[in-house]
Structure formats: structure tokens, C-alpha cells
Amino acid sequence: MDLNDTPEQAEYRAKIRAWLDEHKDEAPILQGEGAITDPDEVAREQRKWQAKLAEGGLAGATWPTEYGGQGVGPIESVIINQELQRAGVPNVFDVIGVGMLGPTIIAHGTEEQKDRYLGPMLNGDEVWCQMFSEPAAGSDLAAVQTRAVQQDDGSWKLNGQKVWTTNAQYATYGLMLARTNPEAHKHKGMTMFILPMDAEGVTIRGLRQISGEAEFNEVFLDDVVVDADSVVGGVDNGWGTGLTTLMFERLTIGLGSSSFGYRGRRFAEALGEDEVASRNSEVRHDFGELAAELEAVRWSGYRAISALQGGQIPGPEFGLAKITTVNCAIKAGDLVADVIGPEALAEESEWAYMISFLPGLKSAGGTEEILRNTIGERVLGLPPEPRLDKGVPFSELRAIEKEGAAA
Ligand SMILES: Cc1cc2nc3c(=O)[nH]c(=O)nc-3n(C[C@H](O)[C@H](O)[C@H](O)COP(=O)(O)OP(=O)(O)OC[C@H]3O[C@@H](n4cnc5c(N)ncnc54)[C@H](O)[C@@H]3O)c2cc1C
């Protein structure tokens, strides 16, 4: 594989770089001296910057041109990420909307939904949130219990609870998975809805993390009514629609990982600044190991990009990149903290947020155990886990689980 830019890619990179040279001073400063810290101000400024990026064609670039994108391929999207990182400016604020939910609406939405929702999403005028997880439906997403019941006038009444809902506090809309037919087995009988977050009966409560921020929320739905045309991808077809979102989630996390800043060079520079640590054989050995793994992730990322460029969807093995990146970054954070000492966790330290946020990333986008199970079953051909719920109506599952627990 030739990893150098083709002449067309080099031209594209130069165009992006020139745009960033001209506009990077308009980006909000989120780290270091002069950084804004108030979460609401951060969100406001990042949304403004997202609008700027959209204007320059750097947001949602892989979206088709009729919906405001540039219709470019995944390599160009990686080039944009690399150039944003090089310029030291943030990416879009609504990564979930632009990276995952917009593409889901493009794939499954009606023309009216695409016309209404995609433009304001891309510009950051309307932020979106992903309302899939529930207290008893995370890894086992098909266990969703939020109920949607159709009314005589065609509208739907929603009741239930969602959790871990990133950005719900800023969101105008949520893309929400709810159960519409409990008599069908659990992967059937779910439907995807567009939920206006200011609808009557929606309550949003922030969940504060160890990093000090409250990026995600729990959302309660009490007799919330949404119109018939809020269904995305067909009634009882929510699992299929949701799988599209999860596929884009995997790509967003995978292809964006280098722009998250978890790179060997960054950790090496921090460790190298400490003369004693940089000569310590144990530190060098530990760093060498994790740097080699991060390098392997980078190279296998190129394989995934090539697959995408060739029109293929990267398979479940791509999940390994997420596991390795997160685990290496956690180890690197520990190593940096060992070397720097307690100051690594001081509020103004560039490492504090990374160290406290990363353990959460072990769960986001699929936990390590689930990703490893999937790789075991689908890539290595190991025997699947026993499934007691196959073909059983969702409404009968509780009784079966109780019997299983009592046996
Ligand atoms: C930072 C962050 C942001 C998030 N943002 C969103 C969001 O915007 N919208 C949204 O819908 N969700 C979001 N999530 C939720 C995320 O998708 C879930 O955390 C994830 O699916 C895991 O579900 P859970 O937390 O309920 O853990 P559980 O599924 O309860 O798992 C608990 C533990 O049991 C293990 N486990 C479970 N089943 C198995 C099995 N079969 N075999 C072996 N081990 C198993 C898991 O690996 C894990 O260690 C976010 C999560 C995080 C951390």
C-alpha cells in the first residue's frame, strides 16, 4: 500500500491547510493559556466554530453534497482530521450528530426529514443526542424497554428512561430507540424516533463525572407525544436503523482516534522532559511497549481506510483498534502521572482530563468484553455465547430470566 498522498489528495490537503491557516485564529482555545473553561461557553464557542468548519467544507465532508457535505471519501475525511490536529484547533462540537446520527438519517430518513434536519445539524444550529442506552440496556442494546404506543391519531406516546445521553443538555433533538411491539422477539419490534428534547414530559438530568464535567445525562420520558412522521426507517425496524448508527459510531471512534491526541510522540515528549525518567529503563520499557502498540493501531487503521476507500465496510476486527488505543492511552496516562507526580491531576494540567476521562471510554462505543466476544465469534470463529433469548417474545423474557436465575 502506498501511504503517500496521491496528487489529488496532496491538492486536497493543501486546500484544507490553506483554509485553516486563514481561519484557525477564529477557533476557540480549549487548552492551555487563555482557555475557556465554562462548559456552556465552551459549547457555544465550539458550535460557532462548527458553523465555520461547515462553511469551509470541513464538517460532514463525507455527506452527499445535496445535504451540505462535500461528497468526499474516507481518506479525505482522515486528511481533514490530520490537518485540524496539525493546526491545533478543535473538530466539530456535535461529533455524535455529524458523525453518526446525520449519516443514519441520510441512510434511512424520508426526504422531508433530510431537508428539515440535516442542514441545522451540520452548522451546529441544532445539536443532537443519541438516545439508545438505558439502565438495563447497554451492551445488550436489544433489551430496550422504553415503550412507544401508537395513538388513534397516528402519534406515538413514549414512556421510559434513557441514560448516558451525551450532550442531551444542549440538544434540540434526540434519535431514540423505543419498543413498539413487545410481542415480537427482542431484536424485532423496536422503532427509531426523532424526539424534540423540549417536548412536554422530557426531563434531563446531568450526571457528573470524575473529570468534573457533566457531559452526559439521564433522560426521563413521561407520556411524551411525538408525531407519526418522527419515525426513522420504518415502524418495528429500529434495530436495522440502529445498526447503521453503531457502524458509523465504530468508524467515528476508529478513524478519529489519532485526532483524539493519543499518540506515542505526545507521551514521549512529556516523559522526555523529565531527565531522570527518560533514563529509567523501566519507564523506557513500558513506554516502548505502548508506543509500539499505538503504532500498530495506526498501521491497521490504514488497512481499514483502504477497505473503506474500496467500498467495503471494515469488519468487527476494527474494534481491536478501539480497545488497544484506549488501553494504551490509559497506561500512558498512568506512566505520565508516575513521572510528573500529583501535578498531573491538577486542574490546569493538560493530562488531568485525559486521565480521568479515559476509563469511561472503555465502555463508550462498546465495552472491551463485548468487542472481544464479537472478534472471537465473527473473526476467529470461536463458539458463540449461549443465547436463551433467541426467538422468544420480548414480553416473555423477564419470566425466562427469572426462571434461569432461580435454577
Ligand atoms: C463517555 C460515554 C458516553 C456515552 N454516550 C452515550 C450516548 O450518547 N448515547 C447512548 O445511547 N449511550 C452512550 N453511552 C453508553 C454506552 O454505549 C454504554 O456504556 C455501553 O454500551 C455499555 O453499556 P453499560 O454501560 O450499560 O454496561 P453493561 O452492558 O451493563 O456492562 C457492564 C459490564 O459487564 C460486561 N458485560 C456485559 N455483557 C457481557 C457479556 N455478554 N459478556 C462479557 N461481559 C459482558 C461489560 O463488558 C461491562 O464490563 C456512553 C458511555 C460512555 C462511557
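For residue classes I count Ala, Val, Leu, Ile, Met, Phe, Trp, Tyr, Cys and Pro as nonpolar, Asp, Glu, Lys and Arg as charged, and the others, Gly among them, as polar. The model is predicted: local features need pLDDT of at least 70, side-chain atom pairs count only at pLDDT 80 or more, and totals for chains, interfaces and linings use all residues. Residues are numbered from 1 along each chain as its sequence is written.

Ligand. I found eight nonpolar, 10 polar and two charged residues in the shell around the ligand. Of the 20 residues around the ligand (C-beta atom, placed from the backbone, within 6 Å), Phe132, Gly138, Ser139, Thr367 and Glu369 come nearest.

Domains. I looked up the assignment, whose bounds come from an automatic or database source. It gives domain 1 (7-93), domain 2 (127-236) and domain 3 (261-379). Domains 2 and 3 both give residues to the ligand shell, so the ligand lies between them. Their C-alpha centres lie 32 Å apart. Four residues of domain 2 are in contact with six of domain 3 (contact: C-beta atoms, placed from the backbone, within 7 Å).

Helix pair. I took helices as DSSP runs of H or I, at least four residues, numbered from the N terminus. H9 (281-309) and H10 (319-340) pack at about 155°, axes 10 Å apart. Axes are lines fitted to C-alpha atoms over the stretch in contact, and angles run from 0 to 180 degrees between N-to-C directions. H9 and H10 are therefore roughly antiparallel (over 145 degrees).

Note on methods:
Helices (H or I, at least four residues) and strands (E, at least two) are DSSP runs, numbered from the N terminus. Angles under 35 degrees count as roughly parallel, over 145 as roughly antiparallel, 65 to 115 as roughly perpendicular and the rest as oblique. Two residues are in contact if their C-beta atoms, placed from the backbone, lie within 7 Å.
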